[in-house]
Amino acid sequence: MKSPALMADRTQSAQADGSYLFDLLPPGTYEMTVSAQGFQTLRQTGIVINAGFTGTVNSRLQVGQVQQTVTVPASL
């Protein structure tokens, strides 16, 4: 999470069920970036947090592209 309301960006890892928690956030407008290996990174903006806010932000990641490079040396 990042926001002008924060002194520094905050990060959080998801639990096994995919849930996560950011607690004690000051009121403000936030941007959240969600990433996982093998998936496209998702950036959500305009998340408004008010005093006493408890809510859910759902993030649906899409499968990313898989790239692999194979080098085969020439035979002599």
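Predicted model: local features only at pLDDT ≥ 70, side-chain atom pairs only at ≥ 80, totals over all residues.

Tutor: Residues are numbered from 1 along each chain as its sequence is written, and side-chain values use heavy atoms, with hydrogens and water left out.

Student: Why is Ser-3 called buried?

Tutor: Buried means under 20% relative accessible area, exposed means over 50%, and partly exposed lies in between, with a 1.4 Å probe and protein chains only. Ser-3 has 12% relative accessibility, and therefore counts as buried. Ser-3 belongs to the segment before β1 (28–34); strands are DSSP runs of E with at least two residues, numbered from the N terminus.

Student: What does Ser-3 touch, not counting residues up to four places away in sequence?

Tutor: Contact means heavy atoms within 4.5 Å. With residues up to four places away in sequence not counted, Ser-3 touches Thr-29 and Tyr-30. The side chain of Ser-3 also reaches the backbone oxygen of Thr-29, at 2.8 Å.

Student: Why does Gln-44 count as buried?

Tutor: The relative accessibility of Gln-44 is 19%, so Gln-44 counts as buried. Gln-44 lies in strand β2 (residues 42–49). Its contacts, not counting residues up to four places away in sequence, include Tyr-30, Met-32 and Val-57.

Student: What makes up the largest nonpolar core?

Tutor: A nonpolar core is a set of buried Ala, Val, Leu, Ile, Met, Phe, Trp, Tyr and Cys residues joined through side-chain atoms within 4.5 Å. The largest one has nine residues in all, among them Met-1, Leu-6, Phe-22 and Ile-49. β1 and β2 each supply at least two residues of this core, and the largest share, three residues, comes from β1. Leaving aside neighbours within four places in sequence, Met-1 is in contact with residues including Leu-6, Phe-22 and Tyr-30.

Student: Which residues lie nearest the centre of the largest pocket?

Tutor: A pocket is an open set of points on a 1 Å grid over the protein atoms alone, where a 1.4 Å probe fits, with protein on both sides within 12 Å along at least five of seven lines; lining residues have an atom within 4 Å of a point. Of the 32 residues lining the largest pocket, Tyr-20, Leu-21, Phe-22, Met-32 and Val-57 lie nearest its centre. β1 gives the most to this lining, with three residues.

Terms used
Helix = DSSP H or I, 4+ residues; strand = E, 2+ residues; numbered from the N terminus. Polar contact = N/O pair within 3.5 Å; in protein donor to acceptor, adjacent residues only side chain to side chain.
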